[in-house]
Amino acid sequence: MIILIKLILIGDPNQLPAVLKDSDDDHSFNEYEAFDKEGYKYIYYNNYIEDLFNSISRNCKTTLDTQYRMSNAIGNFISQTFYNGIVSNGLDKQIDDALNFIVYSKKSKDEFDKNYLEEEIETENTPLLNEYEGYIIKVLLNTMLKDIPRKDIAIITPYRKQVEMLRKTLPEISGDRISSIDAYQGKEYKYIIYS
């Protein structure tokens with residue numbers, strides 16, 4: 001008797017979504033005879049992966065409830081923010097100041113904009129570029145992080161325009177260590193600044 005089992009591994013819906021590209025520097029899906037361009041467009045534009053995950057029976061899903069990669073402070077933040085507190089820390093690694101938030105006021109940003117802003121780029125009320133955050137990061141690098149080797153620091157951001165601006169603003173951080181969140185996946189640094 002032959003038993004055929006179909007298995008689909010989707011991953012974590014709280015992580016970055018699946019990246020689908022019909023071409024890249026190395027090759028193009030169009031080169032493959034079996035590639036269905038219309039199918040690709042459907043998957044890309046219609047949240048197919050999310051729909052597939054949501055339609056799967058609860059019996060076919062599981063949660064990996066222990067993380068072994070992050071300090072307790074970062075692990076607890078992620079667990080509370082994205083997983084309703086169900087993910088625990090397998091390393092039990094306490095690091096003082098492992099997670100810090102810098103909150104700035106609208107007044108300080110308005111003052112900066114009035115005196116220093118060179119360019120304002122917005123799309124439907126979503127800012128794609130925030131020069132004030134670049135200024136704050138520069139101050140942070142010259143104060144709290146002044147003794148940290150620059151090779152140990154990476155800066156990530158969701159916006160390509162922010163990456164471009166930060167690379168110009170922070171030449172002391174090598175360009176490959178300032179990147180978009182998707183490009184950063186799989187890399188590790190001692191200090192990560194999220195802009």
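This is a predicted model: local features need pLDDT of at least 70, side-chain atom pairs count only at pLDDT 80 or more; totals for chains, interfaces and linings use all residues.
**Reading the open sheet**

Me: Which strands form the open sheet, and in what order?

Reply: Strands count as DSSP runs of E with at least two residues, helices as runs of H or I with at least four, both numbered from the N terminus. Two strands pair if DSSP finds at least two bridges between them. Here, three strands make an open sheet, ordered β6-β5-β7, with parallel pairing. At the edges sit β6 (178-180) and β7 (191-194), each pairing on one side only. From one strand to the next, the twist averages 30 degrees; angles run from 0 to 180 degrees between N-to-C directions, with axes as lines fitted to C-alpha atoms, for helices over the stretch in contact.

Me: How many bridges join β5 to β6?

Reply: Three bridges link β5 (residues 153-157) with β6, and the two run parallel. Ile-155, for one, has Ile-178 in β6 as its bridge partner.

Me: Which helix packs on the sheet?

Reply: Contact means heavy atoms within 4.5 Å. Helix α6 (residues 160-169) packs there, touching β5 and β6, and its direction makes about 180 degrees with that of β6.

Me: And how many helices and strands does the chain have?

Reply: Seven helices and seven strands.

Definitions and conventions
Residues are numbered from 1 along each chain as its sequence is written. Side-chain values use heavy atoms; hydrogens and water are left out.
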